[in-house]
Amino acid sequence: MKEAQELKDPTEQYHAQPLEDNLFEWHFTVRGPPDSDFDGGVYHGRIVLPPEYPMKPPSIILLTQNGRFEVGKKICLSISGHHPETWQPSWSIRTALLAIIGFMPTKGEGAIGSLDYTPEERKALAKKSQDFNCETCGSNVKLALLPSTTASIPSQADKEAKELAKRINFKAETNSAAAPVPIAAAAESGPAPIPEPNINQDTSVSQHAPTTQTTPEVEGATETIADSTRTTTPESSQSRPNSTSLSPRQRRAQQQLQQARRPISPPYPQVHRPATANHIASTVLIVVLTLALAALIFRRIYMANEYRFDYEL
(Lines give C-alpha, C1' and ligand atoms only; values in the text may rest on other atoms or scores of the structure.)
Protein backbone atom coordinates (compact mmCIF):
# COMPACT_ATOMS: atom_id res chain seq x y z
CA MET A 1 0.00 0.00 0.00
CA LYS A 2 1.05 3.55 -0.69
CA GLU A 3 0.35 4.68 2.88
CA ALA A 4 2.53 1.92 4.31
CA GLN A 5 5.42 3.17 2.19
CA GLU A 6 4.83 6.76 3.28
CA LEU A 7 4.66 5.87 7.00
CA LYS A 8 7.45 3.31 7.13
CA ASP A 9 9.90 5.79 8.74
CA PRO A 10 9.01 6.78 12.33
CA THR A 11 8.74 10.42 13.36
CA GLU A 12 8.88 12.15 16.71
CA GLN A 13 5.10 12.15 17.04
CA TYR A 14 3.81 8.95 15.45
CA HIS A 15 4.57 5.74 13.58
CA ALA A 16 2.23 3.19 11.98
CA GLN A 17 2.65 0.06 9.89
CA PRO A 18 0.38 -2.86 8.86
CA LEU A 19 0.93 -6.37 10.12
CA GLU A 20 2.95 -8.66 7.87
CA ASP A 21 0.12 -11.19 7.54
CA ASN A 22 -2.83 -8.74 7.49
CA LEU A 23 -2.77 -5.45 5.57
CA PHE A 24 -6.14 -4.47 7.02
CA GLU A 25 -4.78 -4.27 10.60
CA TRP A 26 -2.28 -1.56 11.45
CA HIS A 27 -0.42 -0.97 14.70
CA PHE A 28 0.51 2.59 15.61
CA THR A 29 2.43 4.46 18.27
CA VAL A 30 1.79 8.12 19.15
CA ARG A 31 3.45 10.49 21.60
CA GLY A 32 1.29 12.30 24.13
CA PRO A 33 0.68 15.99 23.38
CA PRO A 34 3.08 18.34 25.21
CA ASP A 35 1.92 20.63 28.03
CA SER A 36 -0.88 18.22 28.94
CA ASP A 37 -1.55 15.35 31.32
CA PHE A 38 -0.19 13.00 28.65
CA ASP A 39 3.17 14.76 28.23
CA GLY A 40 5.95 12.15 28.23
CA GLY A 41 3.63 9.26 27.46
CA VAL A 42 3.95 6.94 24.46
CA TYR A 43 0.76 5.11 23.50
CA HIS A 44 0.24 2.05 21.29
CA GLY A 45 -2.92 0.98 19.47
CA ARG A 46 -4.59 -0.74 16.53
CA ILE A 47 -6.29 0.58 13.39
CA VAL A 48 -8.60 -1.87 11.62
CA LEU A 49 -9.36 -0.94 8.01
CA PRO A 50 -12.63 -2.03 6.35
CA PRO A 51 -12.47 -3.63 2.88
CA GLU A 52 -14.08 -0.44 1.47
CA TYR A 53 -11.30 1.84 2.77
CA PRO A 54 -10.83 4.74 2.00
CA MET A 55 -14.54 5.03 1.19
CA LYS A 56 -15.40 3.95 4.76
CA PRO A 57 -13.65 4.96 8.01
CA PRO A 58 -11.33 2.72 10.05
CA SER A 59 -11.84 1.54 13.62
CA ILE A 60 -9.35 2.81 16.23
CA ILE A 61 -8.47 0.83 19.37
CA LEU A 62 -5.96 1.84 22.08
CA LEU A 63 -3.86 -0.89 23.73
CA THR A 64 -1.99 1.23 26.30
CA GLN A 65 -3.51 2.46 29.56
CA ASN A 66 -3.88 6.23 29.17
CA GLY A 67 -6.84 7.50 31.19
CA ARG A 68 -8.54 9.06 28.16
CA PHE A 69 -9.65 6.07 26.07
CA GLU A 70 -10.69 2.60 27.15
CA VAL A 71 -8.24 -0.18 26.36
CA GLY A 72 -9.32 -2.78 23.79
CA LYS A 73 -12.51 -0.94 22.82
CA LYS A 74 -13.33 0.96 19.63
CA ILE A 75 -13.32 4.67 20.41
CA CYS A 76 -16.04 7.00 19.16
CA LEU A 77 -14.62 9.77 16.97
CA SER A 78 -15.87 11.40 13.78
CA ILE A 79 -12.91 9.78 11.97
CA SER A 80 -13.73 6.28 13.26
CA GLY A 81 -16.22 3.62 12.29
CA HIS A 82 -18.82 4.96 14.74
CA HIS A 83 -19.52 7.93 12.42
CA PRO A 84 -19.27 6.85 8.76
CA GLU A 85 -21.44 9.83 7.75
CA THR A 86 -18.67 12.30 8.67
CA TRP A 87 -15.79 10.39 7.08
CA GLN A 88 -14.15 11.78 3.93
CA PRO A 89 -12.10 9.65 1.49
CA SER A 90 -9.40 12.36 1.39
CA TRP A 91 -8.48 11.57 5.01
CA SER A 92 -5.74 9.04 5.69
CA ILE A 93 -4.12 7.11 8.52
CA ARG A 94 -1.67 9.97 9.03
CA THR A 95 -4.63 12.33 9.52
CA ALA A 96 -6.20 9.96 12.05
CA LEU A 97 -2.98 9.70 14.08
CA LEU A 98 -2.55 13.48 14.30
CA ALA A 99 -6.23 13.85 15.17
CA ILE A 100 -5.88 11.36 18.05
CA ILE A 101 -2.93 13.31 19.45
CA GLY A 102 -4.86 16.57 19.27
CA PHE A 103 -7.99 15.08 20.79
CA MET A 104 -6.38 13.40 23.82
CA PRO A 105 -6.45 16.49 26.13
CA THR A 106 -10.21 16.98 25.63
CA LYS A 107 -12.93 15.68 27.93
CA GLY A 108 -14.68 12.39 27.20
CA GLU A 109 -18.22 13.59 28.01
CA GLY A 110 -19.66 10.09 27.90
CA ALA A 111 -18.53 9.15 24.40
CA ILE A 112 -18.15 5.47 23.57
CA GLY A 113 -14.74 4.23 24.67
CA SER A 114 -13.84 7.45 26.55
CA LEU A 115 -12.58 7.93 30.11
CA ASP A 116 -12.23 10.95 32.42
CA TYR A 117 -9.37 10.13 34.76
CA THR A 118 -7.87 12.73 37.10
CA PRO A 119 -4.73 14.60 35.94
CA GLU A 120 -2.64 12.75 38.53
CA GLU A 121 -3.79 9.37 37.27
CA ARG A 122 -3.12 10.30 33.65
CA LYS A 123 0.39 11.54 34.45
CA ALA A 124 1.15 8.31 36.29
CA LEU A 125 -0.12 6.27 33.33
CA ALA A 126 1.98 8.41 30.97
CA LYS A 127 5.15 7.38 32.78
CA LYS A 128 4.03 3.75 32.92
CA SER A 129 3.21 3.68 29.19
CA GLN A 130 6.91 3.73 28.25
CA ASP A 131 7.27 0.16 29.53
CA PHE A 132 4.59 -1.24 27.20
CA ASN A 133 5.54 -3.91 24.64
CA CYS A 134 3.09 -5.21 22.04
CA GLU A 135 3.00 -9.00 21.79
CA THR A 136 1.24 -8.94 18.40
CA CYS A 137 3.64 -6.76 16.41
CA GLY A 138 6.61 -6.98 18.77
CA SER A 139 6.89 -3.20 19.06
CA ASN A 140 8.79 -1.59 21.91
CA VAL A 141 7.31 1.86 22.47
CA LYS A 142 10.60 3.25 23.78
CA LEU A 143 12.21 2.58 20.40
CA ALA A 144 9.15 3.07 18.16
CA LEU A 145 9.52 6.88 17.82
CA LEU A 146 12.41 9.22 17.23
CA PRO A 147 13.65 11.22 20.23
CA SER A 148 11.66 14.38 20.77
CA THR A 149 13.55 17.62 20.00
CA THR A 150 12.38 21.23 19.87
CA ALA A 151 14.31 22.00 16.67
CA SER A 152 12.60 19.39 14.50
CA ILE A 153 11.05 20.61 11.24
CA PRO A 154 7.78 18.92 10.22
CA SER A 155 7.54 17.55 6.71
CA GLN A 156 5.18 18.85 4.06
CA ALA A 157 2.97 15.76 4.44
CA ASP A 158 2.71 16.37 8.18
CA LYS A 159 1.68 19.99 7.58
CA GLU A 160 -1.06 18.95 5.16
CA ALA A 161 -2.29 16.23 7.52
CA LYS A 162 -2.37 18.67 10.46
CA GLU A 163 -4.39 21.13 8.42
CA LEU A 164 -6.93 18.40 7.63
CA ALA A 165 -6.96 17.24 11.26
CA LYS A 166 -7.79 20.76 12.46
CA ARG A 167 -10.96 20.72 10.37
CA ILE A 168 -12.28 17.52 11.93
CA ASN A 169 -15.06 17.86 14.49
CA PHE A 170 -15.46 15.13 17.08
CA LYS A 171 -18.81 13.83 18.26
CA ALA A 172 -19.66 12.37 21.65
CA GLU A 173 -22.52 9.90 21.83
CA THR A 174 -24.24 11.15 24.97
CA ASN A 175 -27.84 11.41 26.13
CA SER A 176 -27.82 15.18 25.67
CA ALA A 177 -26.64 16.36 22.24
CA ALA A 178 -23.42 18.35 22.61
CA ALA A 179 -21.71 20.56 20.06
CA PRO A 180 -18.56 19.09 18.42
CA VAL A 181 -15.17 20.12 19.76
CA PRO A 182 -12.57 21.27 17.22
CA ILE A 183 -9.10 19.73 17.43
CA ALA A 184 -7.33 23.04 16.99
CA ALA A 185 -8.88 24.50 20.14
CA ALA A 186 -8.22 21.28 22.07
CA ALA A 187 -4.55 21.16 21.12
CA GLU A 188 -3.88 24.84 21.95
CA SER A 189 -5.87 25.34 25.14
CA GLY A 190 -5.54 21.89 26.75
CA PRO A 191 -8.65 20.23 28.23
CA ALA A 192 -11.70 21.83 26.66
CA PRO A 193 -14.78 22.90 28.69
CA ILE A 194 -18.12 21.25 28.18
CA PRO A 195 -19.63 22.86 25.05
CA GLU A 196 -23.14 24.25 24.95
CA PRO A 197 -25.71 22.30 22.93
CA ASN A 198 -26.56 23.56 19.46
CA ILE A 199 -30.35 23.28 19.64
CA ASN A 200 -31.16 24.54 16.14
CA GLN A 201 -28.77 22.23 14.34
CA ASP A 202 -29.65 19.10 16.36
CA THR A 203 -33.38 19.76 15.97
CA SER A 204 -33.13 20.12 12.20
CA VAL A 205 -31.17 16.92 11.87
CA SER A 206 -33.46 14.93 14.16
CA GLN A 207 -36.53 15.96 12.20
CA HIS A 208 -35.16 14.61 8.93
CA ALA A 209 -33.04 11.65 10.08
CA PRO A 210 -34.67 8.22 9.57
CA THR A 211 -35.13 5.83 12.46
CA THR A 212 -33.57 2.91 10.61
CA GLN A 213 -30.87 2.45 8.00
CA THR A 214 -31.83 -0.74 6.23
CA THR A 215 -30.81 0.11 2.67
CA PRO A 216 -27.96 2.03 1.00
CA GLU A 217 -30.53 4.44 -0.46
CA VAL A 218 -31.78 5.41 2.99
CA GLU A 219 -28.20 5.80 4.25
CA GLY A 220 -27.29 7.98 1.27
CA ALA A 221 -30.35 10.20 1.82
CA THR A 222 -29.48 10.56 5.50
CA GLU A 223 -25.92 11.60 4.71
CA THR A 224 -27.21 14.14 2.18
CA ILE A 225 -29.48 15.71 4.82
CA ALA A 226 -26.59 15.82 7.31
CA ASP A 227 -24.34 17.48 4.74
CA SER A 228 -26.97 20.10 3.88
CA THR A 229 -27.42 20.86 7.58
CA ARG A 230 -23.70 21.32 8.15
CA THR A 231 -23.47 23.81 5.28
CA THR A 232 -25.62 26.25 7.27
CA THR A 233 -22.96 26.70 9.94
CA PRO A 234 -19.87 28.90 9.45
CA GLU A 235 -17.60 26.06 10.64
CA SER A 236 -18.60 23.84 7.71
CA SER A 237 -16.86 26.12 5.21
CA GLN A 238 -13.59 25.13 6.83
CA SER A 239 -14.38 21.43 7.32
CA ARG A 240 -14.14 20.51 3.65
CA PRO A 241 -10.66 19.88 2.27
CA ASN A 242 -9.44 21.80 -0.74
CA SER A 243 -10.30 19.81 -3.86
CA THR A 244 -7.25 21.11 -5.68
CA SER A 245 -4.93 19.21 -3.32
CA LEU A 246 -6.62 15.84 -3.92
CA SER A 247 -5.22 13.17 -6.17
CA PRO A 248 -7.24 11.91 -9.18
CA ARG A 249 -8.05 8.72 -7.30
CA GLN A 250 -9.42 10.67 -4.35
CA ARG A 251 -11.45 12.94 -6.65
CA ARG A 252 -13.06 9.92 -8.28
CA ALA A 253 -13.84 8.49 -4.87
CA GLN A 254 -15.51 11.76 -3.83
CA GLN A 255 -17.53 11.89 -7.04
CA GLN A 256 -18.77 8.34 -6.47
CA LEU A 257 -19.66 9.23 -2.89
CA GLN A 258 -21.58 12.33 -4.01
CA GLN A 259 -23.50 10.31 -6.59
CA ALA A 260 -24.43 7.77 -3.91
CA ARG A 261 -25.62 10.60 -1.64
CA ARG A 262 -28.07 12.07 -4.17
CA PRO A 263 -31.61 11.89 -2.78
CA ILE A 264 -34.08 9.61 -4.54
CA SER A 265 -37.04 11.52 -5.98
CA PRO A 266 -40.41 10.20 -4.77
CA PRO A 267 -42.58 8.40 -7.35
CA TYR A 268 -45.48 10.28 -8.89
CA PRO A 269 -48.78 9.58 -7.14
CA GLN A 270 -51.10 7.26 -9.02
CA VAL A 271 -54.53 8.60 -9.95
CA HIS A 272 -57.31 6.24 -8.88
CA ARG A 273 -60.79 6.43 -10.39
CA PRO A 274 -63.67 6.73 -7.97
CA ALA A 275 -65.38 3.49 -7.14
CA THR A 276 -68.80 4.92 -8.02
CA ALA A 277 -67.76 5.67 -11.63
CA ASN A 278 -66.55 2.10 -12.14
CA HIS A 279 -69.79 0.76 -10.69
CA ILE A 280 -71.98 2.88 -12.98
CA ALA A 281 -69.99 1.88 -16.08
CA SER A 282 -70.36 -1.81 -15.20
CA THR A 283 -74.09 -1.45 -14.67
CA VAL A 284 -74.60 0.30 -18.04
CA LEU A 285 -72.61 -2.38 -19.84
CA ILE A 286 -74.67 -5.17 -18.27
CA VAL A 287 -77.94 -3.46 -19.26
CA VAL A 288 -76.80 -2.98 -22.87
CA LEU A 289 -75.73 -6.61 -23.19
CA THR A 290 -79.01 -7.81 -21.69
CA LEU A 291 -81.07 -5.72 -24.16
CA ALA A 292 -78.98 -6.95 -27.09
CA LEU A 293 -79.48 -10.56 -26.03
CA ALA A 294 -83.23 -10.03 -25.62
CA ALA A 295 -83.48 -8.44 -29.08
CA LEU A 296 -81.62 -11.38 -30.60
CA ILE A 297 -83.94 -13.91 -28.95
CA PHE A 298 -87.03 -11.98 -29.99
CA ARG A 299 -85.79 -11.83 -33.61
CA ARG A 300 -85.18 -15.59 -33.73
CA ILE A 301 -88.68 -16.29 -32.37
CA TYR A 302 -90.22 -13.90 -34.89
CA MET A 303 -88.36 -15.48 -37.81
CA ALA A 304 -89.35 -18.97 -36.66
CA ASN A 305 -93.08 -18.05 -36.49
CA GLU A 306 -92.97 -16.34 -39.91
CA TYR A 307 -91.36 -19.42 -41.49
CA ARG A 308 -94.00 -21.67 -39.95
CA PHE A 309 -96.81 -19.43 -41.29
CA ASP A 310 -95.42 -19.52 -44.83
CA TYR A 311 -95.11 -23.31 -44.67
CA GLU A 312 -98.75 -23.79 -43.72
CA LEU A 313 -99.88 -21.65 -46.64
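A: Start with a cut-off. Buried means under 20% relative accessible area, and exposed means over 50%. Partly exposed lies in between. Note also that this model is predicted.

Q: Is Cys-134 buried or exposed?
A: Cys-134 has a relative accessible area of 6%, so it counts as buried. Cys-76 is buried as well, with a relative accessible area of 3%.

Q: How many disulfides does the structure hold?
A: The general idea comes before the count. A disulfide is a covalent bond between the sulfur atoms of two cysteines. The structure holds zero disulfides. Take Cys-134: the nearest cysteine sulfur belongs to Cys-137 and is 3.5 Å away. A disulfide needs the two sulfur atoms within 2.5 Å. Cys-134 is therefore in no disulfide.

Q: Now the sheet. What is the order of its strands?
A: The order is β1-β2-β3-β4, in an open sheet with antiparallel pairing. The edge strands are β1 (14-19) and β4 (59-62), and each of these pairs on one side only. From one strand to the next, the twist averages 25°.

Q: Which helix packs on the sheet?
A: Helix α2, residues 93-103. This helix touches β1, β2 (22-31), β3 and β4. The direction of α2 makes about 35° with that of β2.

Q: How many bridges join β2 to β3?
A: Seven, and the two strands run antiparallel. Between β3 (residues 42-48) and β4 there are four bridges, also in the antiparallel sense.

Q: Which residues are bridge partners of Val-48?
A: Follow Val-48 both ways. Glu-25 is another, paired with Val-48 in β3. Elsewhere, Ile-47 has Ile-60 in β4 as its bridge partner.

Q: Where do side chains point along a strand?
A: In a regular strand the side chains alternate between the two faces of the sheet. As for cover, β3 is mostly covered: five of its seven residues are buried.

Q: How many salt bridges does a search of the whole structure find?
A: Four. To read one, look for a side-chain nitrogen of Lys or Arg within 4 Å of a carboxyl oxygen of Asp or Glu. Arg-46 and Glu-25 form such a pair, with their closest N and O atoms 2.9 Å apart. Arg-46 lies in strand β3 and Glu-25 in strand β2, so the pair ties together parts 21 residues apart in sequence. Glu-25 is buried, at 14%, whereas Arg-46 is partly exposed, at 23%.

Q: Which residue forms a salt bridge with Asp-131?
A: Lys-142, and the closest N and O atoms are 3.6 Å apart. Asp-131 lies in the loop between α3 (119-128) and α4 (141-144), and Lys-142 lies in helix α4. The pair therefore ties together parts that are eleven residues apart in sequence. Both Asp-131 and Lys-142 are exposed. Another salt bridge joins Arg-122 to Asp-116, at 3.9 Å between the closest N and O atoms. There, Arg-122 is buried, with a relative accessible area of 5%.

Q: Why does Glu-3 count as buried?
A: Its relative accessibility is 14%, so it falls under the 20% cut-off. Glu-3 is found in helix α1, residues 2-6. Beyond its neighbours within four places in sequence, its contacts include Trp-26, Tyr-53 and Arg-94.

Q: Where does UniProt place the "transmembrane region"?
A: The unreviewed UniProt entry places this feature at residues 280-298. In the model, that stretch is 100% helix and 0% strand. Its end C-alpha atoms are 27 Å apart.

Methods. Residues numbered from 1 in each chain as written. Predicted model: local features only at pLDDT ≥ 70, side-chain atom pairs only at ≥ 80, totals over all residues. Heavy atoms only, no water. Pairing = 2+ DSSP bridges. Axes fitted to C-alpha atoms, helices over the stretch in contact; angles between N-to-C directions. Contact = heavy atoms within 4.5 Å. UniProt positions renumbered as here; feature names shortened; annotations may be inferred. Buried < 20%, exposed > 50% of the residue type's maximum accessible area, 1.4 Å probe, protein only.
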